[in-house]
Amino acid sequence: MSVAIAVFLFCIGLAVGSFLNVVIYRLPRGESIAWPASHCTTCNRPLDWYENIPVVSWTALRGRCRTCRSPISIRYPIVELITGALFLGAYFAFGLTPLLPVRIVFACAMIVLFAIDLEHQILPNEITLPGIVIGFACALFLPPGWKSSLIGLLAGGLFPFLVAEAYLRIRKREGMGMGDFKMLAMVGAFLGWPLVWLTLILACVLGIVIGGGALLVSRRGMATRIAFGTFIAVAALACEYFAGPATRLYDGAVQAYLSWAGLQS
Ligand SMILES: [Zn+2]
């Protein structure tokens with residue numbers, strides 16, 4: 001572990017987070033990602049370079065446009081900081097390995113899907129469908145391996161789809177949307193089948209706890225629907241980053257116990 005590399009990756013993460021903000025804003029609105037350059041979404045004035053520095057600019061401008069004074073969402077610095085943190089976390093979790101860029105790409109996709117689903121309740125095919133293909137293609141050479149990826153892709157997408165179809169037939173109401181299945185298939189393609197199951201279970205627990213809590217607070221009854229994709233994103237990131245360390249911790253604890261008990265030298 002090198003501090004210089006960690007700081008470098010964090011800064012790259014902040015800059016990439018700035019780009020993810022553009023994707024999060026423009027993709028659901030059908031605007032081009034590449035053109036035009038960043039501009040104020042209220043007065044349309046193109047931003048100067050010093051207004052485009054991640055986190056720093058938002059803080060210096062106190063969250064307002066320099067000319068029209070309209071508020072700039074706090075989502076911008078939050079997305080930048082989270083992206084920076086996930087770049088840094090990926091370095092600790094995966095080291096400087098070929099898996100590092102793959103897992104970073106996956107984390108970025110989860111951030112974008114989380115933010116878009118939270119605001120618009122959609123999970124764009126532009127992210128999930130290429131995500132399934134890229135996840136499987138990388139698994140041909142890297143962990144979790146193509147078999148686990150393929151099973152994960154099918155199990156993640158197909159099984160919940162069948163459950164939801166059954167639910168729809170019986171209850172005549174939709175429990176999950178098509179976007180959720182494509183997103184789960186993407187998670188399965190990248191992380192493999194054991195972790196896509198864990199993701200689904202964790203997302204359901206989060207949905208019940210947070211969704212249930214929100215229902216109690218809002219008192220608007222079942223009409224309040226928190227997008228399930230946001231829970232899938234958080235659960236998938238938790239599985240991606242903590243599955244390895246948690247397994248090692250568990251193995252270490254078991255070994256320590258066995259040697260303490262004199263069952264193994
Ligand atoms: Zn403005």
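Predicted model: local features only at pLDDT ≥ 70, side-chain atom pairs only at ≥ 80, totals over all residues.

Biologist: Great. At what angle do α5 and α7 pack?
Modeller: About 20°, with the axes of α5 (residues 125-139) and α7 (residues 178-191) 7 Å apart. Axes here are lines fitted to C-alpha atoms, for helices over the stretch in contact, and angles run from 0 to 180 degrees between N-to-C directions. Helices are DSSP runs of H or I with at least four residues, numbered from the N terminus.

Biologist: And what do we call that arrangement of α5 and α7?
Modeller: They are therefore roughly parallel to each other, a label for angles under 35 degrees.

Biologist: Which residues make the contact?
Modeller: With contact meaning heavy atoms within 4.5 Å, α5 brings N125, I127, T128, L129, G131, I132, I134, G135, F136 and A139, while α7 brings K182, M183, A185, M186, A189 and F190. By class, that contact has 11 nonpolar, 4 polar and 1 charged residues. Ala, Val, Leu, Ile, Met, Phe, Trp, Tyr, Cys and Pro count as nonpolar, Asp, Glu, Lys and Arg as charged, and the others, Gly among them, as polar.

Biologist: Nice. Is α7 mostly covered or mostly open?
Modeller: Mostly covered: 12 of the 14 residues in α7 are buried, which is to say under 20% relative accessible area, whereas exposed is over 50% and partly exposed in between (1.4 Å probe, protein chains only).

Biologist: What do those buried residues of α7 pack against?
Modeller: They pack against α4 (99-120), α5, α6 (146-171), α8 (193-218) and α9 (228-260).

Biologist: What happens just after α7?
Modeller: G192 takes a positive phi of about 90° there.

Biologist: Switching topic: where does E165 sit?
Modeller: E165 is in helix α6, and at 26% relative accessibility it counts as partly exposed. Its C-alpha is separated by 34 Å from that of F141, 24 residues apart along the chain.

Biologist: Last one, S57: buried or exposed?
Modeller: Buried, with a relative accessible area of 5%. S57 belongs to helix α2 (residues 56-60). Leaving aside neighbours within four places in sequence, S57 is in contact with Y50, E51 and N52.

Conventions:
Residues numbered from 1 in each chain as written. Heavy atoms only, no water. Helix = DSSP H or I, 4+ residues; strand = E, 2+ residues; numbered from the N terminus. Parallel < 35°, antiparallel > 145°, perpendicular 65-115°, else oblique.
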